[in-house]
Amino acid sequence: MQFAAIFDMDGTLFQTNKILGSSLERTFEILRSEGSWIGNTPLATYQRIMGVPLTVVWETLLPKQPAHIRQQADQLFLECLIQEIKEGKGSLFPLVMETLSTIKQLGISIFIASNGLEKYLEEICSYFGLHEFITDIYSVERSSKGSKTDLVQMLLKDYRIESAILIGDRKSDIEAAKENGLTAVGCQFGFAEENELADADLFIADFPELQIYLSK
């Protein structure tokens with residue numbers, strides 16, 4: 001396989017912010033009702049670290065809680081996110097479908113590499129009909145190391161990809177691209193904080209810019 005386009009999901013293809021707050025609130029409401037959490041839902045903290053592996057998420061949001069509470073929160077959050085997607089509360093970024101269609105017509109294979117869980121990623125792809133364009137979905141669950149860099153390395157090896165671009169909105173995406181010798185495309189419309197995408201090779205403000213770049 002000669003060339004591929006590898007996309008992150010949250011904050012890149014999918015507007016996670018539309019279901020993030022309500023799903024996290026529902027999760028912590030259950031934890032509060034069971035006495036496992038006291039206080040407000042740490043939404044702002046989660047938004048700052050969005051894109052890191054979920055084990056890191058719960059270590060950050062629930063630093064004083066035991067492992068079984070973190071595992072419970074992880075499962076609750078997944079269930080809430082999937083329910084919100086099924087209820088039609090989430091959405092893709094503008095022109096995602098058109099962009100994926102254009103990329104496929106160019107003969108470029110499309111992959112997803114995400115720190116999200118497989119069930120969550122599958123629900124998004126199924127609900128919005130992304131399977132029509134995507135060759136494979138690599139969830140962080142496939143990586144024993146739990147890192148985006150390792151996940152992308154695995155993808156490249158599995159499909160014998162010689163070169164690729166990696167499109168994402170967080171520092172971990174840029175690092176995964178750089179450490180695997182890929183072109184890093186930074187999305188300026190996702191969750192990235194100032195200077196987080198500084199090392200990207202290319203910046204896009206919307207998907208038409210990506211279409212122009214790949215059509216050259």
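Visitor: Leaving aside its neighbours within four places in sequence, which residues is glutamate 84 in contact with?

Guide: Please bear in mind that this is a predicted model. Contacts are read by setting aside the sequence neighbours and listing what remains. For glutamate 84, those contacts are Ile19, Ser22, Ser23, Arg26, Lys89 and Gly90. Glutamate 84 itself is part of helix H4.

Visitor: Is glutamate 84 buried or exposed?

Guide: The cut-off for a buried residue is a relative accessible area under 20%. Glutamate 84 has 2% relative accessibility and therefore counts as buried.

Visitor: How far apart in space are glutamate 84 and glutamate 179?

Guide: Their C-alpha atoms are 35 Å apart, and the two residues are separated by 95 residues in sequence.

Visitor: Let us turn to helix packing. At what angle do H4 and helix H6 cross?

Guide: One reads the angle together with the distance between the axes. The axes of H4 and H6 (residues 118-128) cross at roughly 0° and come within 10 Å. Angles under 35 degrees count as roughly parallel, and H4 and H6 are therefore roughly parallel to each other. On the H4 side the contact is made by Leu78, Leu81, Ile82, Ile85 and Lys86, and on the H6 side by Lys119, Tyr120, Glu123, Ile124 and Tyr127. By class, this contact has 7 nonpolar and 3 charged residues, with no polar ones.

Visitor: Which residues of helix H3 and of H4 meet?

Guide: Leu54, Trp58 and Glu59 of H3 meet Arg70, Ala73, Asp74 and Phe77 of H4. The axes of H3 (residues 54-61) and H4 cross at roughly 120° and come within 10 Å, and the crossing is right-handed. The contact of H3 with H4 comprises 4 nonpolar and 3 charged residues, and no polar residue.

Visitor: How are helices H7 and H8 oriented to each other?

Guide: H7 (residues 148-158) and H8 (residues 171-179) pack at an angle of about 45°, with their axes 8 Å apart. They are therefore oblique to each other, and their crossing is right-handed. H7 contributes Lys148, Thr149 and Val152 to the contact, while H8 contributes Ser172, Asp173, Glu175, Ala176 and Glu179. These residues divide into 4 charged, 2 polar and 2 nonpolar.

Visitor: How is a nonpolar core to be understood, and how many residues does the largest one have?

Guide: In soluble globular proteins, nonpolar side chains tend to be buried together. Here the largest nonpolar core has 55 residues, and Phe7, Tyr46 and Trp58 are those with the most contacts inside it. Helix H4 (residues 67-86) supplies the largest share of this core, 8 residues. Apart from it lies another core, of 19 residues, which includes Ala4, Ile6, Val152 and Ile174.

Visitor: What does phenylalanine 7 touch, beyond residues up to four places away in sequence?

Guide: Phenylalanine 7 touches Thr12, Leu13, Leu100, Ile103, Ile110, Phe111, Ile112, Ala113, Ile167, Phe207 and Leu210.

Visitor: And where does aspartate 8 lie?

Guide: Aspartate 8 is in the loop between strand E1 (3-7) and helix H1 (17-33). With 7% relative accessibility, aspartate 8 counts as buried. Setting aside residues up to four places away in sequence, aspartate 8 touches Leu13, Ala113, Ser114, Lys148, Ile167, Gly168, Asp169 and Asp173.

Visitor: In which strand is valine 185 found?

Guide: Valine 185 is in strand E5 (residues 183-187) and, at 0% relative accessibility, counts as buried. Residues up to four places away in sequence not being counted, valine 185 touches Ile165, Leu166, Ile167, Gly168, Ile174, Leu202 and Ile204.

Visitor: Finally, the backbone. What is the phi of leucine 95?

Guide: Most residues other than glycine have a negative phi. Leucine 95 has a positive value, near 65°. Leucine 95 lies in the loop between H4 and helix H5 (96-105) and is partly exposed, with a relative accessible area of 38%. Arginine 160, although not a glycine, also has a positive phi, of about 50°. Arginine 160 is placed in the loop between H7 and strand E4 (163-168) and, at 70% relative accessibility, counts as exposed.

Methods: Residues are numbered from 1 along each chain as its sequence is written. This is a predicted model: local features need pLDDT of at least 70, side-chain atom pairs count only at pLDDT 80 or more; totals for chains, interfaces and linings use all residues. Side-chain values use heavy atoms; hydrogens and water are left out. Axes are lines fitted to C-alpha atoms, for helices over the stretch in contact, and angles run from 0 to 180 degrees between N-to-C directions. Helices (H or I, at least four residues) and strands (E, at least two) are DSSP runs, numbered from the N terminus. Angles under 35 degrees count as roughly parallel, over 145 as roughly antiparallel, 65 to 115 as roughly perpendicular and the rest as oblique. A crossing is left-handed if the near helix is turned anticlockwise from the far one by less than a right angle, and right-handed if clockwise. Contact means heavy atoms within 4.5 Å. Ala, Val, Leu, Ile, Met, Phe, Trp, Tyr, Cys and Pro count as nonpolar, Asp, Glu, Lys and Arg as charged, and the others, Gly among them, as polar. A nonpolar core is a set of buried Ala, Val, Leu, Ile, Met, Phe, Trp, Tyr and Cys residues joined through side-chain atoms within 4.5 Å. Buried means under 20% relative accessible area, exposed over 50%, partly exposed in between (1.4 Å probe, protein chains only).
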